[in-house]
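Please read them with the model open beside you.

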Amino acid sequence: MPTIDIDYNELQRLLKVDLNGDMEKLDDILSYVKAEVKGFDEKENAVTVEFKDTNRPDLWSIEGLSRALRGYLGQEKGIKTYLLGKSDVEVKVDAKIFGVRPFICCSLVKGIHLSDEVIKGIMHLQDKLDQTNGRSRQKTSIGIYNLDLIKPPIIYTAVVPSEVSFVPLGFSERMSLDEVLEKHPKGQEYGHIVKKHQLYPMLFDSEGNVLSFPPIINSNDLGKITEESVNLLVEVTGTYYQTVLNTLNLVTLALIDRGGKAYSTTVNYPAGKDYLQSSVVTPDFSSRVFKLAVAETNLLLGLDLSAAEIADLLGIAGLGVESVSGDYLTVLVPCYRVDVMHQVDIIEDVAVAYGYNNIVPLWRELPTTGKAKPDTAFINTARDLMVGLGYQEVLNTTLTNPDTLFTKMNSAAEKFVELANPKVITMNCLRNQLLPGLMEFLTVNPSVEFPQKIFELGNVTLPDALAETRTKDESWLAAVSTHPNADFSEIKSVLDSFMANFGFEWQIRAVLHPSFMDGRVGEVIVAGNCIGLVGEVNPAVLQAWKLENPAAAFELHFQSLIDLKLGRM
Amino acid sequence: MVELRQQEQQLLSTLDKLGGSASIEKLVASCGFPDAAVMRSALTLQEKNLLAIQAATRNIIKLTAEGKTYAQSSLPERKLIQAVAELGGKADLRAAAEKANIEQQFIQIAQGWIIRKKWAFYDSKTNTLTINDALLHQMHVPQGCDETLLKYLSEKEQVAQDDLSAKLKDAAEQLKKRKLVTIEPKTTRVLKISEEGKKAASEATISVPEVTKLTPELIITGKWRETKFQKYNIQAQVAKTWPGKKHPYLSFLDDVRAKLVQLGFQEMVGPQVETSFFNFDALNEPQDHPAREPTDVFYIKEPKYGSLETHAKAVEQVKQTHENGWTTGSTGWGTKYSLEVAQRLILRSQGTCLSARTMESGKYSVPSRHFAIARVYRPEITDRTHLSEFNQVEGIILDEKLTLRDLLGVLGKFAMEIAGAQKVRFKPDYFPFTEPSVELSAYKEGYGWIEFGGSGIFRPEVTMPLGVKAPVIAWGLGVDRLFMMKSGLSDIRQIFCQDLDWLRKKQVT
């Protein structure tokens with residue numbers, strides 16, 4: 001979830017509230033926009049705010065956040081209007097870029113006073129947008145330049161990597177594009193985005209000076225803003241037009257909020273079948289229009305609001321109402337509210353403005369019958385029985401590793417489900433049996449009083465080529481007893497009692513199994529099928545687990561018994 | 001007349017013979033009873049005021065490692081004087097040391113002690129040792145008290161200082177200075193006979209023969225009627241018994257399941273290894289969403305793809321909803337939808353995929369209520385508040401007339417029935433698949449406010465492509481947090497902890 005750090009005093013000033021350091025109060029205010037305080041550094045006067053909603057980039061700056069909150073605090077109503085002047089700056093898009101990174105949108109921001117704080121805030125927002133909305137620059141990336149150093153028109157094109165060189169930001173020597181990918185930290189981080197293409201994206205001004213190598217890095221000459229920069233060029237490139245435009249709008253609005261005046265540019269696309277549009281003026285601050293039905297609003301919320309009341313609540317939520325006609329409202333959604341996809345998003349804003357805690361909860365008795373899954377009752381009876389037999393139930397993770405499952409059990413690796421991206425090496429596959437987990441459990445309890453008798457009834461996951469998910473989950477049951485006199489007859493007796501109580505006839509058939517001692521292990525046969533093993537654990541296994549007492553164990557494919565019981569077989 | 005059991009009588013008279021005061025160890029040695037028997041009888045005798053059990057602190061002498069070595073061979077001065085004797089009673093110091101095989105650094109020590117013990121004279125001019133005449137006549141140099149003590153300790157390992165004679169006590173102090181023994185205080189129990197006890201010991205008190213164990217034979221023959229049974233010290237500590245028990249967290253989940261069934265919910269099932277389609281796509285999460293990155297969800301190594309053949313209609317409708325909103329009234333995500341991405345196998349990261357499966361199956365009635373207790377997985381670094389594998393309890397309610405009011409009502413019901421809360425509070429929340437979305441906080445006496453659940457009404461982008469026409473409430477409960485609070489745990493790892501002692505001692509609820 002995205003987080004931002006904001007200046008505590010600045011926030012109090014913008015919201016016209018005195019918090020007195022009361023973070024719970026701030027939490028209540030932030031809850032209107034689904035955000036909460038994650039930290040408060042009193043020394044630095046910095047509040048860390050976390051947003052649950054990942055689709056609200058309009059909130060990721062102190063200005064955007066307070067813009068949204070002022071409505072709920074009763075200080076402003078409706079859409080905040082932003083002015084946009086016109087400029088004759090032109091951006092020419094070369095046809096070659098289409099297959100690489102097709103879209104660009106630009107704006108100009110003039111007369112801005114950039115303090116160190118403001119630059120930091122802008123960089124913070126830029127980074128958040130690049131990472132989250134821009135999917136780590138894959139989908140969109142932002143560049144900001146000192147406009148006064150640039151000679152328009154601006155050319156957006158694609159070039160052969162070896163044929164262009166420039167000085168990347170933070171370096172002093174010229175590098176070819178290949179060298180940038182190899183040597184510059186940003187090249188190393190984001191190079192994969194362009195490497196799959198023959199040609200790389202490039203932004204030049206009319207004199208052939210490099211602005212940037214999107215989405216990797218700006219030029220050190222033109223692509224650097226400082227406290228002395230007054231007039232800026234903002235550019236966003238990317239693979240989805242709407243996201244590119246939304247991102248440009250958000251950055252430009254944030255700069256207006258910091259005192260700049262915005263001007264549009266004209267992006268001219270090449271003729272041909274690739275691009276749907278030929279010429280676009282960006283940014284575009286116009287609102288989107290949604291029709292909202294009063295009836296559907298009340299139907300979803302369970303309230304009885306009039307059109308006028310809804311209009312009023314929409315105003316609090318920072319949305320506009322163009323007109324009200326009969327049972328419909330024509331709602332204006334400002335350009336920065338990119339999260340709105342559907343009427344329901346607007347209805348939720350109505351509910352938030354109304355106040356969740358002002359809505360009377362309703363519990364209706366519905367004629368529904370509760371039912372646990374069919375396996376549950378039998379599973380619980382089995383657990384009761386094991387408990388009655390004196391065994392402590394344990395709970396192990398289903399994530400484990402082949403060393404635990406096979407090596408330490410002295411057995412060969414059987415079919416199991418592996419992860420492509422384990423977080424830790426000890427959890428890189430799903431268990432396909434339970435006994436290794438029990439042995440691991442015993443290992444960490446060497447000094448707890450003996451006898452130790454434990455069992456687990458839980459899921460194992462096995463490969464199954466015929467299943468839709470190529471795997472199947474089964475309930476298995478394993479039990480182990482360990483103490484100086486633990487032996488085969490003890491565990492067989494427990495298993496026998498377990499089976500007898502469920503009325504299962506079972507036989508035992510001699511078998512060789514590397515996890516158990518020869519001549520002291522058998523297959524458990526029910527209805528002609530082998531459904532498990534019972535035996536004395538091989539001392540090699542005990543030693544691998546650093547256990548000093550003999551252990552006797554059984555493991556059952558309990559699922560087979562469930563299926564038998566429920567008539568599924 | 002006092003009536004005593006045989007063992008008690010024997011103990012009392014032994015104590016009397018030992019002068020009326022003795023340590024437990026001494027009595028164990030003298031009576032030949034085991035330690036516990038002496039203690040048991042002593043406690044009974046004390047109750048009868050025949051003796052008193054006193055804790056006495058005594059200095060215990062033990063050999064050090066060096067002391068053990070010398071106890072086994074002999075002291076260096078002993079070796080040296082023997083060499084002098086063998087060399088005729090007078091010898092050059094160096095020659096004697098060489099014969100005695102004494103290392104250079106110990107020669108002076110050995111010589112010093114020989115002089116101190118007055119075994120020989122030392123002439124510094126000639127560097128010779130001459131054995132004391134008196135000793136020479138005796139033909140051997142007698143053993144000193146220190147050597148006696150060393151020998152005793154090498155056999156008995158330890159001795160109490162006040163059990164020693166005055167001479168041996170001095171020897172012990174000397175050996176302590178030489179770092180060959182340690183003398184450390186140790187508390188021991190000493191029994192002291194009382195005046196009444198002395199009397200009882202001398203008056204040949206009647207010892208009644210007693211039986212400890214009631215046997216089948218005694219019962220069948222009826223002999224138990226004439227038998228005197230020993231009374232036990234019922235205060236004595238006994239061995240621990242550990243019952244088999246259910247795991248506390250699983251028991252808690254059993255209770256939650258029972259409650260939900262009671263509230264009219266049916267349990268849903270679904271696979272742990274899931275397609276991205278049910279875990280994400282069907283829940284309106286765009287295919288390029290960061291929550292689907294390998295940093296946030298586990299991918300299966302092999303095979304990579306599952307089959308969506310039997311869900312073709314839903315897949316097509318979800319695809320269109322993602323790309324352009326289909327007929328849901330949504331703008332959609334505007335991004336290209338990939339079937340390959342949809343088929344990619346993962347470990348389910350949220351229990352909501354079970355709700356998606358239930359809705360897609362069409363196997364439900366309206367109204368109906370469903371729930372699942374699902375193991376879910378996320379590539380988290382495990383710490384006090386995070387597990388890479390945990391359980392989610394969640395579900396859905398389908399009904400034609402559901403509204404946000406019902407949603408709040410359901411959450412309130414859960415808070416009361418499952419968490420036993422007194423008050424609830426709602427906040428706006430966010431899930432990609434619900435709108436409106438609500439966070440539930442519950443107030444429970446003694447616990448304060450806890451975030452207890454998240455919930456919402458499924459977006460049309462979720463229900464319509466899966467063929468559901470009625471509004472659907474989706475809810476999830478923070479059961480792990482509730483369990484931790486109920487059990488007084490502050491570390492979520494305790495849920496899967498492998499501490500048998502904790503499980504054995506955990507109280508049942």
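1. The contact between the two chains draws 79 residues from chain B and 77 residues from chain A. Two residues are in contact if their C-beta atoms, placed from the backbone, lie within 7 Å. On the side of chain B that touches chain A, helix H18 (residues 404–417) of chain B gives the largest share, eight residues. That side of chain B holds 32 nonpolar, 22 polar and 25 charged residues. (Ala, Val, Leu, Ile, Met, Phe, Trp, Tyr, Cys and Pro count as nonpolar; Asp, Glu, Lys and Arg as charged; the others, Gly among them, as polar.)

2. A word on the source. This is a predicted model, in which local features need pLDDT of at least 70, side-chain atom pairs count only at pLDDT 80 or more, and totals for chains, interfaces and linings use all residues. Residues are numbered from 1 along each chain as its sequence is written, while chains are lettered from A and ligands numbered from 1 in the order in which they are written.

3. Chain B has 21 helices and 18 strands. Both are DSSP runs numbered from the N terminus: helices are H or I with at least four residues, strands E with at least two.

4. The C-alpha trace of chain B spans about 125 × 80 × 45 Å along its principal axes. Chain B has a radius of gyration of 43 Å, whereas a compact globule of 509 residues would have one near 23 Å. (The radius is taken over C-alpha atoms; the globule rule is 2.2 Å times the number of residues to the power 0.38.)

5. How much of chain B is buried? Of its 509 residues, 39% count as such. Buried means that 20 or more other C-beta atoms lie within 10 Å of the residue's own, with C-beta atoms placed from the backbone.

6. Look next at one helix pair. The axes of helix H5 (residues 76–86) of chain B and helix H7 (residues 104–116) of chain B come within 8 Å and cross at roughly 80°. Axes are lines fitted to C-alpha atoms over the stretch in contact, and angles run from 0 to 180 degrees between N-to-C directions. H5(B) and H7(B) are therefore roughly perpendicular, the term for 65 to 115 degrees. From H5(B), Leu80(B) and Ile81(B) are among the residues that meet H7(B), whose partners include Phe106(B) and Trp113(B). The contact of H5(B) with H7(B) comprises eight nonpolar residues, one polar and one charged.

Methods:
A residue is buried if 20 or more other C-beta atoms lie within 10 Å of its own, exposed if 12 or fewer, and partly exposed in between; C-beta atoms are placed from the backbone. Angles under 35 degrees count as roughly parallel, over 145 as roughly antiparallel, 65 to 115 as roughly perpendicular and the rest as oblique.
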